[in-house]
Amino acid sequence: MAGILIRDGRLLLVRQRFAGREFSSLPGGKLEPGDVIDSEFVGLGVARERLATLPFPAMREPVLAYLDGAAQSFYSYVTGGDPTEARRTVPR
């Protein structure tokens with residue numbers, strides 16, 4: 001679960017570390033020691049660029065669709081254990 005907070009046309013992102021890799025994402029999920037490095041509000045264009053590089057489709061696709069005005073009400077993903085390999089299970 002994640003939250004979208006937009007203020008003055010800028011989206012709140014957190015920079016976090018997972019499996020030795022750093023990336024920006026929406027705030028959410030469970031907090032683990034050392035995960036969240038920083039947070040900042042960024043312009044929507046910058047947010048789209050950063051979110052497009054997320055390693056997990058389940059984190060990336062719904063929020064990019066929302067920011068583009070094309071969000072669906074339901075997203076479902078399955079994985080064989082590796083979250084970076086999650087496949088969307090509902091039609092686009």
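Strand 2 and strand 3 form a hairpin with 2 residues between them, and Ala-19 in this turn has a positive phi of about 50°. Strands here are DSSP runs of E of at least two residues, and helices are runs of H or I of at least four, both numbered from the N terminus. The structure is a predicted model, in which local features need pLDDT of at least 70 and side-chain atom pairs count only at pLDDT 80 or more, while totals for chains, interfaces and linings use all residues. Residues are numbered from 1 along each chain as its sequence is written, and side-chain values use heavy atoms, with hydrogens and water left out.

The pairing of strand 2 with strand 3 (residues 21-25) is antiparallel and rests on 5 bridges; two strands count as paired if DSSP finds at least two bridges between them.

Along the sequence they follow the pattern β-β-β-β-α-α-β-β.

What share of the 92 residues of the chain counts as buried? The value is 30%, where buried means under 20% relative accessible area, exposed over 50% and partly exposed in between (1.4 Å probe, protein chains only). The accessible surface of the chain is about 6,000 Å², and carbon and sulfur atoms hold 53% of it; the areas come from the Shrake-Rupley method with a 1.4 Å probe, and for residues only the protein chains shown count as cover.

The largest nonpolar core has 12 residues, including Leu-11, Phe-23, Val-42, Phe-56 and Leu-64. Such a core is a set of buried Ala, Val, Leu, Ile, Met, Phe, Trp, Tyr and Cys residues joined through side-chain atoms within 4.5 Å. Strand 2, helix 1 (44-51) and helix 2 (57-67) are the elements that give two or more residues to this core, and helix 2 gives the most, with 3 residues. Leaving aside neighbours within four places in sequence, Leu-64 is in contact with Arg-48, Leu-51 and Ala-52.

Technical notes:
Contact means heavy atoms within 4.5 Å.
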